[in-house]
Amino acid sequence: METSVRETKKVNTKTLALIGVMTAVICIMGPLSIQLPVSPVPISLGTLAIYFVIYVLGMKKGVISCCIYLLIGFIGIPVFTAFTSGPAKLLGPTGGYLVGYIFMALICGFVVDRTRNIVLCFLGMLFGTAVLYFFGTVWLAYQAGMTFMEALAAGVLPFMLGDLAKIVVAMIAGEQIKKQLRRAGLIETIK
């Protein structure tokens with residue numbers, strides 16, 4: 001019984017460390033952004049980081065990483081786009097996209113946890129991205145006094161091709177990292 005308790009603690013410690021490292025990946029990539037003159041929403045590497053983390057960790061651990069990232073930014077550490085932070089950023093025009101990360105992570109992670117089929121994973125990530133776009137667009141429209149279509153044109157259309165590329169990059173890099181983590185016994189293999 002004592003061995004079982006030690007083994008559980010070891011797994012929990014490994015899991016916490018993995019979540020911490022992946023949260024750090026989001027915190028490092030999240031602030032890196034380019035402001036577009038045609039949109040109040042910047043091009044951000046935050047979505048690439050979220051795709052990557054979810055592809056590697058799956059739903060439960062990935063959502064935890066995402067929530068920790070949002071909490072870190074909320075309390076004032078500059079991890080959001082352009083090295084910003086605080087409640088004002090979450091409640092500002094782009095806050096819907098930040099909160100949408102959680103729902104995107106849930107959906108993408110749900111699919112990634114259940115299949116190793118690359119096409120299904122890609123489609124799951126596209127669907128998660130559509131949900132992210134919805135949350136972001138609704139909040140942007142509300143905050144900026146735009147119609148839904150104006151917010152869609154400003155906050156989604158300029159980013160669609162880039163987000164498709166980010167998904168592909170995250171899946172390619174994520175698959176390599178997953179192989180190494182499986183070999184190390186840090187994540188389980190899907191049957």
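## Labels and their grounds

Tutor: In this predicted model, the axes of helix 6 (residues 118-144) and helix 7 (residues 148-155) come within 8 Å and cross at roughly 120°.

Student: Why is the pair helix 6 and helix 7 called oblique?

Tutor: Roughly perpendicular covers 65 to 115 degrees, and roughly antiparallel begins over 145. The crossing of helix 6 and helix 7 is at roughly 120°, and the two helices are therefore oblique to each other. As for hand, helix 6 passes helix 7 in a right-handed crossing.

Student: Which residues of helix 6 and helix 7 meet, and how do they divide by class?

Tutor: From helix 6 come Phe134, Thr137, Val138, Leu140 and Ala141, and they meet Phe148, Ala151, Leu152 and Gly155 of helix 7. By class, this contact has seven nonpolar, two polar and no charged residues.

Student: How do you know that the span of helix 8 is close to the expected one?

Tutor: Helix 8 (residues 160-183) has 24 residues, and from its first C-alpha to its last it reaches 35 Å.

Student: Which residues of helix 8 are buried?

Tutor: The buried residues of helix 8 are Asp163, Lys166, Ile167, Ala170, Met171, Gly174, Glu175, Lys178, Leu181 and Arg182. On the spacing, an α-helix has 3.6 residues a turn, so residues three or four places apart point the same way. Just after helix 8, glycine 185 takes a positive phi of about 75°.

Student: What is the phi of alanine 82, and what makes it worth a remark?

Tutor: Alanine 82 has a phi near 55°, a positive value in a residue other than glycine. Most residues other than glycine have a negative phi. Phenylalanine 83 also is not a glycine, and its phi is positive, at about 60°. Alanine 82 lies in the loop between helix 3 (59-74) and helix 4, and phenylalanine 83 lies in the loop between helix 3 and helix 4.

Student: Are alanine 82 and phenylalanine 83 buried or exposed, and why?

Tutor: Exposed means over 50% relative accessible area. Alanine 82 is at 51% and therefore counts as exposed. Phenylalanine 83 is at 54%, so the label is again exposed.

Student: Why is lysine 61 called buried?

Tutor: Buried means under 20%. Lysine 61, placed in helix 3, has 17% relative accessibility, so it counts as buried. Not counting residues up to four places away in sequence, lysine 61 touches Thr15 and Ile19.

Student: How do you know that threonine 94 is buried?

Tutor: Threonine 94 has a relative accessible area of 11%, which is under 20%, so it is buried. Threonine 94 is found in the loop between helix 4 (87-91) and helix 5 (95-114). Leaving aside neighbours within four places in sequence, threonine 94 is in contact with Pro40, Val41, Pro42 and Lys89.

Notes
Residues numbered from 1 in each chain as written. Predicted model: local features only at pLDDT ≥ 70, side-chain atom pairs only at ≥ 80, totals over all residues. Heavy atoms only, no water. Axes fitted to C-alpha atoms, helices over the stretch in contact; angles between N-to-C directions. Helix = DSSP H or I, 4+ residues; strand = E, 2+ residues; numbered from the N terminus. Parallel < 35°, antiparallel > 145°, perpendicular 65-115°, else oblique. Left-handed = near helix turned anticlockwise from the far one by under 90°. Contact = heavy atoms within 4.5 Å. Nonpolar A, V, L, I, M, F, W, Y, C, P; charged D, E, K, R; others polar. Expected span 1.5 Å × (residues − 1). Buried < 20%, exposed > 50% of the residue type's maximum accessible area, 1.4 Å probe, protein only.
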